[in-house]
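The following note sets out points on chain arrangement, interfaces, salt bridges and selected residues. Please read it alongside the coordinates.

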There are 6 protein chains.
Amino acid sequence: MSSFIGANLDQKGVSVMLWGVPFDGTSSYRAGARFAPSSIREASYSIETYSPYQDASLDEFKFCDVGNIELPIGNTEKSLGMIYDFVKENSSKLFLSIGGEHLITYPIIKALKEKNNNELVVLVFDAHTDLRNDYLGVKFSHATVMRRVLELGNISLVSIGVRAGTKEEFEYIKKLNALYSIADVEKINELTKGKTLYISVDMDVFEPGYVPGVGNPEPGGINFSDFMNFLLKLSFKNVIGVDIVEINPVYDCSNISSIFAAEVIREILIKLFIDLNN
Amino acid sequence: MSSFIGANLDQKGVSVMLWGVPFDGTSSYRAGARFAPSSIREASYSIETYSPYQDASLDEFKFCDVGNIELPIGNTEKSLGMIYDFVKENSSKLFLSIGGEHLITYPIIKALKEKNNNELVVLVFDAHTDLRNDYLGVKFSHATVMRRVLELGNISLVSIGVRAGTKEEFEYIKKLNALYSIADVEKINELTKGKTLYISVDMDVFEPGYVPGVGNPEPGGINFSDFMNFLLKLSFKNVIGVDIVEINPVYDCSNISSIFAAEVIREILIKLFIDLNN
Amino acid sequence: MSSFIGANLDQKGVSVMLWGVPFDGTSSYRAGARFAPSSIREASYSIETYSPYQDASLDEFKFCDVGNIELPIGNTEKSLGMIYDFVKENSSKLFLSIGGEHLITYPIIKALKEKNNNELVVLVFDAHTDLRNDYLGVKFSHATVMRRVLELGNISLVSIGVRAGTKEEFEYIKKLNALYSIADVEKINELTKGKTLYISVDMDVFEPGYVPGVGNPEPGGINFSDFMNFLLKLSFKNVIGVDIVEINPVYDCSNISSIFAAEVIREILIKLFIDLNN
Amino acid sequence: MSSFIGANLDQKGVSVMLWGVPFDGTSSYRAGARFAPSSIREASYSIETYSPYQDASLDEFKFCDVGNIELPIGNTEKSLGMIYDFVKENSSKLFLSIGGEHLITYPIIKALKEKNNNELVVLVFDAHTDLRNDYLGVKFSHATVMRRVLELGNISLVSIGVRAGTKEEFEYIKKLNALYSIADVEKINELTKGKTLYISVDMDVFEPGYVPGVGNPEPGGINFSDFMNFLLKLSFKNVIGVDIVEINPVYDCSNISSIFAAEVIREILIKLFIDLNN
Amino acid sequence: MSSFIGANLDQKGVSVMLWGVPFDGTSSYRAGARFAPSSIREASYSIETYSPYQDASLDEFKFCDVGNIELPIGNTEKSLGMIYDFVKENSSKLFLSIGGEHLITYPIIKALKEKNNNELVVLVFDAHTDLRNDYLGVKFSHATVMRRVLELGNISLVSIGVRAGTKEEFEYIKKLNALYSIADVEKINELTKGKTLYISVDMDVFEPGYVPGVGNPEPGGINFSDFMNFLLKLSFKNVIGVDIVEINPVYDCSNISSIFAAEVIREILIKLFIDLNN
Amino acid sequence: MSSFIGANLDQKGVSVMLWGVPFDGTSSYRAGARFAPSSIREASYSIETYSPYQDASLDEFKFCDVGNIELPIGNTEKSLGMIYDFVKENSSKLFLSIGGEHLITYPIIKALKEKNNNELVVLVFDAHTDLRNDYLGVKFSHATVMRRVLELGNISLVSIGVRAGTKEEFEYIKKLNALYSIADVEKINELTKGKTLYISVDMDVFEPGYVPGVGNPEPGGINFSDFMNFLLKLSFKNVIGVDIVEINPVYDCSNISSIFAAEVIREILIKLFIDLNN
């Protein structure tokens with residue numbers, strides 16, 4: 001069970017690459033996202049490779065799972081550097097990154113942008129704005145990550161599911177016109193035309209009852225059906241990267257959170273392959 | 001707390017019989033359904049005997065709870081044989097069976113069919129198709145049970161809530177025209193007219209957030225209100241047996257799964273009595 | 001983390017007062033609500049002080065948190081007396097009480113009524129009627145609390161979310177015309193005009209999947225969005241007290257129940273301040 | 001699994017009677033001892049009826065298990081009265097009582113003394129002195145129980161394993177000369193000669209690592225081997241009652257505490273029968 | 001983390017082979033030993049490769065970890081057959097097998113004996129005799145495994161730590177003169193001279209407080225220091241196989257059981273290499 | 001429950017100061033020590049202020065608990081700087097620090113040494129050597145902390161309970177002659193004469209069965225009685241600081257680890273006061 005269900009052992013000629021990024025160094029409430037990649041991989045064996053929603057199976061496509069990157073625990077700067085380096089060095093691949101906390105999105109997008117500085121839409125599913133300028137005096141944190149990402153320039157933010165933040169963050173995100181509803185998929189497809197698209201799924205976007213094992217549970221979230229309705233209509237044509245972050249298996253005795261995340265990953269992978277192949 | 005809430009101690013003259021079937025020998029992901037019957041009985045004392053949905057109480061009806069069958073652990077064949085024998089020997093009773101894993105449905109229906117080979121509709125609530133031909137080389141498994149049931153002959157399958165399986169299973173179930181929605185209750189009432197009806201509730205049909213303690217959680221399930229709307233309209237006139245399977249209390253620290261199952265059983269019992277008496 | 005997020009340390013000139021009432025002496029199924037006040041306070045630091053639903057923050061208002069009352073464990077009568085005394089002695093404050101079990105509502109309302117015997121509407125969110133006349137021979141119990149409250153006289157009951165009780169309790173509550181739906185907010189605003197209003201939120205009103213850590217989980221509950229839609233429209237003009245009861249953190253490994261309760265408290269506090277100030 | 005392993009269903013002609021006393025109304029730290037009798041009975045099926053320590057089996061002796069007494073939750077006084085009444089009414093039996101918290105020892109000894117007011121030695125295994133005069137103003141509490149017992153008169157206290165209490169309690173117990181070591185079995189046999197003996201085992205006497213599921217864990221306890229060495233040498237000739245209290249299964253995910261208690265009960269029962277028969 | 005810490009990826013020229021045997025089909029009390037091999041491997045990364053007890057490190061020796069055998073869940077006979085086949089087919093290797101339940105010892109020893117039918121001493125660490133003739137009518141069970149092993153012929157049993165069984169089992173094991181103490185290492189070294197030796201460590205031999213996550217916890221066990229004193233003096237010269245069984249990680253929230261097992265495996269591996277090389 | 005049991009609210013004229021240092025930024029295996037200070041304080045209310053071992057009570061002495069330092073999560077360097085600053089600024093106090101992970105010992109000793117550069121003995125209870133030069137490329141880590149401490153100069157290390165480390169670490173610690181047994185208390189008293197003494201208790205020094213909730217459980221540890229025998233004989237005359245680190249309450253459902261730590265702190269405080277006053 002060392003790789004995600006359906007993954008190829010051999011990564012030659014494979015363009016889509018899963019990897020685990022077990023970083024949770026700035027988790028302010030409860031740490032444990034470091035265990036998510038392994039937990040999600042293991043949980044993936046409790047679901048099928050076939051999606052009845054898309055009538056296709058992971059087995060029909062080629063992707064690999066290169067395991068987890070080993071990070072210097074306790075050193076945020078160095079960890080972010082290593083994540084950035086890895087993406088840079090493998091720039092021919094399309095990454096599906098399994099976090100880890102949300103901060104990992106920053107070095108990944110940074111590396112991707114240096115390869116291709118087209119206008120980028122960052123589509124974020126998240127209960128939180130993550131737009132603080134700093135958090136307890138720290139510039140790079142799960143609570144500031146989208147602010148740092150925007151500073152990379154030439155990026156539009158599309159946020160879905162946001163329901164927590166400071167007054168300042170909400171003022172900021174409203175000024176950005178970045179607040180979207182899960183029903184706005186057509187509008188978002190319109191927006192991304194001619195641009196590249198990065199998708200970041202913070203699993204706390206879902207109602208905590210459905211995904212209790214996350215770093216910062218926040219009531220009022222979406223459900224699986226909302227998410228699937230959106231996903232099936234979203235165009236993945238221009239996607240240059242995806243991440244799934246903030247699962248914290250330590251706080252879920254029933255393990256439904258990792259299973260839910262594994263299913264989200266399966267659906268994203270299949271949609272990605274279908275759209276890329278068409 | 002050795003019997004389900006409201007059960008008669010004396011089983012003389014009682015036509016409806018609860019029993020526990022603590023078999024989980026083929027659970028492929030996580031075992032523990034063996035503990036469900038005891039857990040559900042205990043949980044039943046945390047709910048009322050009265051149903052506000054049906055304005056009736058378990059106390060108004062007569063049913064007994066004969067406890068659990070003791071099975072030879074580690075021997076699937078012998079276990080299935082003993083379940084079959086028990087149902088055969090008590091053929092004057094209408095069984096409500098508390099599993100245990102889904103495989104127990106097979107020997108129960110087998111015994112019932114030998115008593116009465118009318119055309120039988122098997123109405124299954126389940127997240128999974130359970131229609132594999134074999135599973136890891138094993139013919140009798142929770143993952144193949146509905147395939148084996150259908151092989152008994154003269155049976156129509158009605159599946160509600162299915163959202164997981166292999167491509168082959170979905171092709172098979174579509175060919176059978178067995179996929180129904182929770183909204184199709186009138187259609188199903190029509191279908192069962194003049195036939196006998198067996199109802200099997202795999203508790204993983206519900207969203208894992210509501211019922212986390214099951215063998216194979218699968219996101220995208222139904223909720224209690226969906227289920228009740230269906231139940232209240234379904235005709236129980238021709239019901240010859242019911243089972244509630246796949247609760248796994250080991251993986252639910254909050255115990256909401258067993259409580260949920262106890263409530264489902266209460267509602268089914270009351271509906272059964274009301275329809276049989278009218 | 002010894003007080004609720006955003007609370008003032010100094011209670012001079014502060015009219016709204018939080019306190020914890022860690023009483024769970026009559027919990028019939030599983031005790032542990034005694035730990036709720038501390039657990040909810042701690043959980044409050046995982047959410048923001050700002051509400052995007054009301055575009056306002058706890059920081060804009062003045063309230064204090066006076067901690068928990070220390071109660072003589074094992075002596076229900078004395079405990080209820082001490083709760084009553086405390087409310088009496090602080091009668092200039094508007095209390096937001098964090099239980100403990102639902103029985104605490106009785107001594108609080110008793111004390112409030114003696115200060116002001118205007119006609120009182122008691123608006124209860126609860127899965128249970130709590131209207132038994134006695135419970136296992138005991139007059140004062142979480143299962144009888146609303147019956148005792150009504151006996152205080154000059155009180156109208158408004159119950160939302162009820163879905164469990166005995167036949168007698170349902171007959172009684174129907175005679176009272178006290179059953180309301182979460183959609184009836186306008187009707188309730190009408191009803192409370194010219195009267196005082198007390199709000200009691202038994203957290204088991206929510207679906208157990210969303211709030212698993214409660215004393216008596218009961219499937220079929222409301223969700224956060226239902227609750228917020230109601231809350232935002234309810235008039236808090238005449239509110240004389242609020243309580244949040246029945247969280248039991250012992251049975252929630254993911255801690256989503258205490259977080260959910262903390263968010264409910266934040267929203268109620270902000271709505272209260274907004275309505276009182278207008 | 002409704003009775004302790006090896007118990008007779010029929011209680012006619014049986015002189016030793018197990019019963020469960022699920023009272024935890026005065027638990028000051030964490031409640032849950034109410035679940036101990038059921039949990040210990042269930043755990044008893046994971047051990048054998050045969051004791052290799054005494055080369056005898058429960059099957060060789062006759063005892064019954066009459067289940068749990070149903071108590072009015074939230075009313076300590078009434079609960080203690082009902083426990084007292086039950087023992088009084090069954091005064092021909094020798095009770096092995098499974099608590100519940102330690103306070104249950106008081107009404108049991110009170111009833112036994114009224115039947116037979118010989119000089120009584122109360123042998124207590126306990127980490128705590130339980131000799132407070134009152135606890136938070138309450139006279140009847142798990143923390144005062146031995147003080148109340150001594151007030152019944154004509155009683156000598158023998159305490160083993162004590163390692164927690166107030167300064168006053170330790171001064172008091174030293175004045176009583178009641179502190180004994182687990183090695184003092186001969187001295188205790190000497191002491192009980194010609195007197196009757198009641199044995200109360202508060203399971204927190206054991207090191208919390210071995211029995212984590214107790215109300216008030218206290219480091220520095222004894223182990224199973226210490227206990228068995230003592231037990232095998234203790235004379236049970238004059239025993240008039242035994243209780244096993246303070247197991248709290250809610251706080252033991254591994255369930256080793258209930259299993260440990262079941263084994264302690266098995267050994268006590270066998271020793272009791274052997275000594276009574278010789 | 002897909003292999004035990006320090007294991008070689010390449011198995012060419014490696015004579016010692018770890019493998020996982022995730023079979024728990026006959027677990028009568030609580031299943032979950034199927035998860036032990038993965039859990040122990042993962043836990044092995046929390047300990048060092050170096051043993052201060054033996055002043056040597058796993059890194060100095062060559063061994064491989066070939067992962068888990070995939071077994072047909074629900075079919076005991078077929079599973080045992082596959083375990084037997086695997087050992088047969090790899091008969092040039094010295095196996096260290098990570099169970100799984102204790103029954104796996106039978107097919108392993110059966111295969112080893114067919115390769116080399118020298119007189120074999122089977123040294124078993126176990127709280128239970130495992131010598132029933134059948135268990136609930138089943139011949140092959142964790143409770144009968146040593147009886148079946150002895151029937152293979154030309155085998156002497158050496159049991160350490162036994163403290164649970166039926167009267168018949170104890171009579172049987174005494175007749176075999178198979179009961180040894182953890183202090184008897186010299187006697188055992190004497191006994192094994194000129195014979196081959198198989199070592200089976202049922203982790204329930206340890207006190208449940210130290211290793212709570214096992215299938216059948218039994219108080220009164222040994223500790224780590226006892227075990228190490230024995231191990232360091234035992235001669236591994238003639239060892240032909242080792243297994244570590246009955247860890248059940250599902251019932252250990254602290255994970256100390258899998259860590260303990262990983263350390264036992266490290267010490268056994270190092271001792272094995274040292275003795276084989278001398 | 002916001003301060004340790006028995007602590008003075010007022011810190012004027014109080015020379016001994018408790019504080020919490022919720023840092024776990026370099027925890028390599030499982031994080032959560034950040035929650036230890038709050039958990040230990042809360043657990044302290046389940047034990048008495050009186051020690052029967054020393055016949056004295058915390059109430060007889062004056063100490064304060066200033067709560068937790070708030071640290072910039074995710075920034076190890078800045079966190080260590082803030083811990084150092086706090087100790088420097090309060091240099092007239094004798095600190096008892098509740099971690100957090102073991103790395104916090106470094107900035108504390110650094111600050112203390114700058115105030116008083118007498119020869120310092122650092123007495124460490126720890127299962128691990130913590131003497132790596134770097135850990136995954138990181139210089140400041142819980143695994144390197146004692147190496148960094150020694151580099152501060154003029155320090156002798158006394159290590160008790162060490163049983164895990166790399167070969168190099170053991171060679172290093174042996175060269176330092178720093179390995180002591182729990183029986184060596186007289187030798188250590190001799191050694192510290194005329195020097196200052198700092199005591200660091202990594203709670204993983206205890207057997208994991210007794211203290212399961214630690215960052216890196218390691219079998220083979222000491223027990224409470226070993227520790228108390230040592231403590232009661234150790235001279236605290238020259239103590240300049242104490243820390244208790246590495247409790248991780250997230251991994252202990254029974255909470256016995258925090259209770260154990262609270263008791264260790266009580267005994268250390270009382271011994272400290274007794275020795276300082278004599």
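How far apart are the nearest C-alpha atoms of chain C and chain E, two chains that do not touch? The nearest C-alpha atoms of this pair are 11 Å apart.

1. Basis of the note. This is a predicted model, in which local features need pLDDT of at least 70, side-chain atom pairs count only at pLDDT 80 or more, and totals for chains, interfaces and linings use all residues. Residues are numbered from 1 along each chain as its sequence is written, chains are lettered from A and ligands numbered from 1 in the order in which they are written, and side-chain values use heavy atoms, with hydrogens and water left out.

2. Contact is taken as heavy atoms within 4.5 Å. No contact joins chain A and chain D either, and their closest C-alpha atoms lie 11 Å apart.

3. Relation of chains A and F. The same surface serves both, since 100% of the contact residues of chain A recur in chain F.

4. Interface of chains A and F. Here 22 residues of chain A are in contact with 22 residues of chain F. The two chains bury about 1,700 Å² between them, with 54% of it on carbon and sulfur atoms (buried area being the accessible area, with a 1.4 Å probe, that two parts lose on being put together, summed over both). On the side of chain A, I73(A), G74(A) and L136(A) lose the most area to chain F, together 29% of what that side buries. The interface has zero salt bridges (a salt bridge being a side-chain nitrogen of Lys or Arg within 4 Å of a carboxyl oxygen of Asp or Glu). Eight residue pairs, both at pLDDT 80 or more, are in polar contact across it. A polar contact is a pair of N or O atoms within 3.5 Å; within protein, one must be able to donate a hydrogen and the other to accept it, and residues adjacent in sequence count only if both atoms are side-chain atoms.

5. Relation of chains E and D. Chain E is superposed on chain D (RMSD 0.0 Å) by a rotation of 120 degrees with 0.0 Å of shift along its axis. That is the relation of a three-fold axis. G209(E) comes closest to the rotation axis of the residues of chain E, at 3.0 Å (C-alpha). Only 13% of the interface residues of chain E are also interface residues in chain D, so the copies meet through different surfaces.

6. Interface of chains E and D. The contact takes 23 residues from chain E and 20 residues from chain D. About 1,800 Å² is buried between the two chains, and carbon and sulfur atoms give 56% of that area. Y29(E), K167(E) and P219(E) supply 29% of the area that chain E buries against chain D, more than any other three residues. Three salt bridges are counted between these chains, and the side chains of K167(E) and E60(D) meet in a salt bridge (4.0 Å, N to O).

7. Salt bridges elsewhere. The whole structure holds 80 salt bridges over all chains. In chain B, K195(B) and E119(B) pair through their side chains at 3.6 Å, N to O. K195(B) lies in the loop between α6 (185-192) and β9 (196-202) of chain B and E119(B) in the loop between α3 (105-115) and β6 (120-125), so the pair ties together parts that are 76 residues apart in sequence. E48(A), R132(B) and E169(B) are linked in a network of salt bridges.

8. D243(D) is buried yet has no salt bridge, and the nearest side chain of opposite charge, R41(D), is 14 Å away (buried means under 20% relative accessible area, exposed over 50%, partly exposed in between, with a 1.4 Å probe and protein chains only; Lys and Arg count as positive and Asp and Glu as negative, with His and the chain ends not counted). The side chain of D243(D) makes a polar contact with the side chain of T105(D) (2.9 Å). D243(D) is found in strand β10 (residues 239-245) of chain D (helices, H or I of at least four residues, and strands, E of at least two, are DSSP runs numbered from the N terminus).

Technical notes
Least-squares fit on C-alpha atoms with pLDDT ≥ 70 in both.
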